[in-house]
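Trainee: I would like to learn how to read a fold from its coordinates, beginning with the sheet and moving on to the core. Could you take me through one case?

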Amino acid sequence: MVTHMRRLQAKPKRNEVVQIPSDLREFLSEVNEMILAGDESATIPSDDLLQCESACGGLIEEGGCKYSFTYFPEEGIRHKWYFSFDITDIERIADGATTELSMWACADPQCHSKFMDRNDTCFYCDYIDE
C-alpha cells in the first residue's frame, strides 16, 4: 500500500484589491438583516448556517461578533475566497459604504483563491505531494 503525503510549502501571495461582487454584497445584506433580527442562524457558532448559492459561513464563536465566510466566485469549488468580518464590516458592505476588499491571492494566475491573511495557505498552491 502506497501512502501519499502532502507537505506544506507555502508560496508568497500577492496583494489585490477586488471589487465586492453583487452576489456577495446581496448575501452579506441578508446576513446583516439576520444579525439585526437576532436570527438563530446568525447567533449560533457555525461554518455554514449562513449560506446562499455562492457563499457560506457563520459566527466564529458564541457571543462573538466575528463571522467567517467562504465565497465561490465561479462555478465549482476549486476557486474560493476566504474572509472574516465583524458585524460592522458586514454592515458597511451591506449598505454600500465598503465596495472593495484588500485580499491576498495565490501567485499562480490559474488559481483564483484569495485570502484576508497573507499567511493563509491554499490547498492547491501551497502543498506538494510527496
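This is a predicted model: local features need pLDDT of at least 70, side-chain atom pairs count only at pLDDT 80 or more; totals for chains, interfaces and linings use all residues.

Trainee: In what order do the strands of the open sheet run, and which are the edge strands?

Mentor: In general, the strands of a sheet pair through backbone hydrogen bonds, either parallel or antiparallel. Here seven strands form an open sheet with mixed pairing, in the order β2-β7-β8-β6-β5-β4-β3, and the edge strands, each pairing on one side only, are β2 (13-19) and β3. The pairing of β2 with β7 is antiparallel and extends over seven bridges, with asparagine 15 standing opposite tryptophan 104 in β7.

Trainee: Which strands does α1 lie across, and which does α3 lie across?

Mentor: α1 lies across β3, β4, β5 and β6, at about 150° to β5, whereas α3 lies across β5, β6 and β7, at about 105° to β6.

Trainee: How many residues does the largest nonpolar core have, and which element gives the most to it?

Mentor: The largest nonpolar core has 21 residues, and Tyr67, Phe83 and Ile90 are among those with the most contacts inside it; α1 gives the most, with five residues. Apart from it lies another core, of five residues, including Cys106 and Phe115.

Trainee: Is isoleucine 44 buried or partly exposed?

Mentor: Isoleucine 44, in the loop between α2 (40-43) and β3 (50-52), has a relative accessible area of 35%, so it counts as partly exposed. Beyond its sequence neighbours up to four places away, isoleucine 44 touches Leu49 and Leu59.

Terms used. Residues are numbered from 1 along each chain as its sequence is written. Side-chain values use heavy atoms; hydrogens and water are left out. A nonpolar core is a set of buried Ala, Val, Leu, Ile, Met, Phe, Trp, Tyr and Cys residues joined through side-chain atoms within 4.5 Å. Buried means under 20% relative accessible area, exposed over 50%, partly exposed in between (1.4 Å probe, protein chains only). Helices (H or I, at least four residues) and strands (E, at least two) are DSSP runs, numbered from the N terminus. Contact means heavy atoms within 4.5 Å. Two strands pair if DSSP finds at least two bridges between them. Axes are lines fitted to C-alpha atoms, for helices over the stretch in contact, and angles run from 0 to 180 degrees between N-to-C directions.
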